[in-house]
Amino acid sequence: MNGFKKILSAALMTVMIFSSLTVVHCEDEIKILLDGAQLEFDVPPQIIDGRTLVPMRAIFEALGAQITWDGGTQTVTAEKGSTVVEMAIGSAVMSVNSEEITLDVPPQIIDDRTLVPARAVAESFDADVEWDGETQTVIISTNVAEAEATGEDGDAEAEDNSGDAEEAAEDSDNEIPIEYDDTIERTAHYMRDFQILDWEKNSDGDYVITYKLRTFLEGSGDVVVQFRCLDANGAQVDEWSGVYRGTDYTWSWQEDTVTISGKTAKIELIKNGE
């Protein structure tokens, strides 16, 4: 009986060792690409609860931010241009220019290094982030706007916009009378780049708008995006939501049409959870 227990104990120990080695091996294979260049870290990136965490100083400095560390409160402050980001160890709330953003996984200390969520950090500085599951790679792009402006899609979009401009010059009444406030959009990690493509007023005096936006989903399923409509005095007069099929770990364009209040002067995102 004692011999059986020893064999069982040894077998369990072997399984635990190989399981541990497998986890470390997977984490060592996680790569971070910033504008095509692979970043190097003294502590490897790790996936915790489905989110990729990377060493704090390395990712902030790679993005061009200056950081200050407060050991007393275990808080990091990163500044780049007009953007100020604050994060604290163990806190699921990140501040971007005083706007609070809830993190799925908070910053934490691993192997004497502070690790922070790669996506949240990069997107706080207006970078695009994608995940390549096959190669275990986080792809961060800080020059997306330039690439789109010079690429084939960008050229096509520029041609379309120039055509719209010519039409608007011919018919000034076609100018979109609704403003879009992207302040809240900049704090979201599932939607961006809302644009009104076309509009008209129906017989009831309401606006019928055609719009497009980009959505992101970590996994499979639907992305729900909600908007509120405000009048000229800032009072809410309407709201609507769209449900879009998410594209796994990539940004995808979506287009839709909706009827909203004719009193609408401004549109803004309703952040998930409000």
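Two strands count as paired if DSSP finds at least two bridges between them. In this predicted model, strand 1 (residues 31–34) and strand 2 meet that mark with 2 bridges, running in the antiparallel sense. Within this pair, Leu33 sits opposite Gln38 of strand 2.

The pair belongs to an open sheet of 4 strands, ordered 2-1-13-12, with mixed pairing. Strand 2 (37–38) and strand 12 (128–132) are its edge strands, each pairing on one side only.

Let's move on to a loop. Glu185 lies between strand 14 (179–181) and strand 15 (191–201).

Glu185 does have polar partners to look at. Its side chain makes a polar contact with the side chain of Tyr180 at 2.6 Å, and the Glu185 side chain also reaches the backbone nitrogen of Phe194 at 3.5 Å. Leaving aside residues up to four places away in sequence, Glu185 touches Tyr180, Met191, Arg192, Asp193, Phe194 and Leu269.

## Two loops with positive phi

Most residues other than glycine have a negative phi, which makes the next two worth a look. Asn97, not a glycine, has a positive phi of about 50°. Asn97 is found in the loop between strand 8 (93–96) and strand 9 (99–102), and counts as partly exposed because its relative accessibility is 40%.

Asp111 also has a positive phi, near 55°. Its place is the loop between strand 10 (108–110) and strand 11 (113–117).

How values were computed: Residues are numbered from 1 along each chain as its sequence is written. This is a predicted model: local features need pLDDT of at least 70, side-chain atom pairs count only at pLDDT 80 or more; totals for chains, interfaces and linings use all residues. Side-chain values use heavy atoms; hydrogens and water are left out. A polar contact is a pair of N or O atoms within 3.5 Å; within protein, one must be able to donate a hydrogen and the other to accept it, and residues adjacent in sequence count only if both atoms are side-chain atoms. Contact means heavy atoms within 4.5 Å. Buried means under 20% relative accessible area, exposed over 50%, partly exposed in between (1.4 Å probe, protein chains only).
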